[in-house]
Amino acid sequence: MTIASSHSEARPSPVFTPPPPSAEKQYYERSTPLTLSLIELNPQDVVEGLMTEKGFVAAEVTPVGPMREACPHCSGVALQLVLRHRHVKRSHLFCRVCTRCYDAVTENGHSVLML
Ligand SMILES: [Zn+2]
């Protein structure tokens, strides 16, 4: 009884196979928008005005335009960007609906509106 250890398997002719594309770099698209936190501001701190018995009457300000950020108190209402000019002490975000004023800060706590 002999142990048949035959290596008679027909080896296929070597076929060149390209290496797998393991070196393919993954590029993660930075589509995530800048994370901003909204901080409510005291209107008296951002706009010149008078405190009356009926409330704070601010000088007329002209928003530049709607922002991507929505008012936390009014869902779906885009905040208006108000830039610092005559009666505006500092740039801020303004909600036309609830007349709240906001500052937008980054994750690091830096205001994106204060230059
Ligand atoms: Zn609002």
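The legends below accompany close-up views of a predicted model of one protein chain.

**View 1. The protein chain as a whole, with one helix and seven strands.** From the N terminus on, the elements follow the order β-α-β-β-β-β-β-β. Of the 115 residues in the chain, 14% are buried, and among the contacts between residues at least 6 apart in sequence, 41% join residues at least 24 apart. The predictor's confidence averages a pLDDT of 82 over the chain, with 76% of the residues scoring at least 70; confidence is lowest in E3, where the mean is 82, and highest in E5, where it is 95.

**View 2. The open sheet of five strands, in the order E1-E7-E6-E5-E4.** The pairing in this sheet is antiparallel, and its edges are formed by strand E1 (37–41) and strand E4 (65–70), each of which pairs on one side only. On average, and with direction ignored, neighbouring strands of the sheet are turned by 45° against each other. Within the sheet, E5 and E6 pair in the antiparallel sense over three bridges, and Val82 stands opposite His92 in E6.

**View 3. The hairpin that joins E2 to E3.** Strand E2, residues 49–52, and strand E3, residues 55–58, pair in the antiparallel sense over four bridges.

**View 4. The largest nonpolar core, a set of 13 residues.** The residues with the most contacts inside this core are Leu79, Leu93, Phe94, Cys95, Cys101, Tyr102 and Ala104. Strand E5 (78–82), E6 and E7 each supply at least two residues of the core, and E7 gives the most to it, with three residues. In soluble globular proteins, nonpolar side chains tend to be buried together.

**View 5. Leu93 and the residues in contact with it.** When neighbours within four places in sequence are left aside, Leu93 is in contact with Leu38, Met67, Glu69, Leu79, Gln80, Leu81, Tyr102 and Ala104. Among these partners, Leu79, Tyr102 and Ala104 are also named, together with Leu93, as residues with the most contacts inside the largest nonpolar core.

View 6. The C-alpha atoms of Met67 and Leu93 are separated by 8.2 Å, although the two residues are 26 residues apart along the chain. Met67 counts as partly exposed because 17 other C-beta atoms lie within 10 Å, whereas a buried residue would need 20 or more.

**View 7. Thr99 in the loop between strand E6 (92–94) and strand E7 (101–105).** The phi angle of Thr99 is near 60°, which is a positive value in a residue other than glycine. Thr99 has 11 C-beta neighbours inside 10 Å and therefore counts as exposed, since the limit for an exposed residue is 12 or fewer.

Terms used:
Residues are numbered from 1 along each chain as its sequence is written. This is a predicted model: local features need pLDDT of at least 70, side-chain atom pairs count only at pLDDT 80 or more; totals for chains, interfaces and linings use all residues. A nonpolar core is a set of buried Ala, Val, Leu, Ile, Met, Phe, Trp, Tyr and Cys residues joined through C-beta atoms within 7 Å. Two residues are in contact if their C-beta atoms, placed from the backbone, lie within 7 Å. Two strands pair if DSSP finds at least two bridges between them. Axes are lines fitted to C-alpha atoms, for helices over the stretch in contact, and angles run from 0 to 180 degrees between N-to-C directions. pLDDT is the predictor's confidence in each residue, from 0 to 100.
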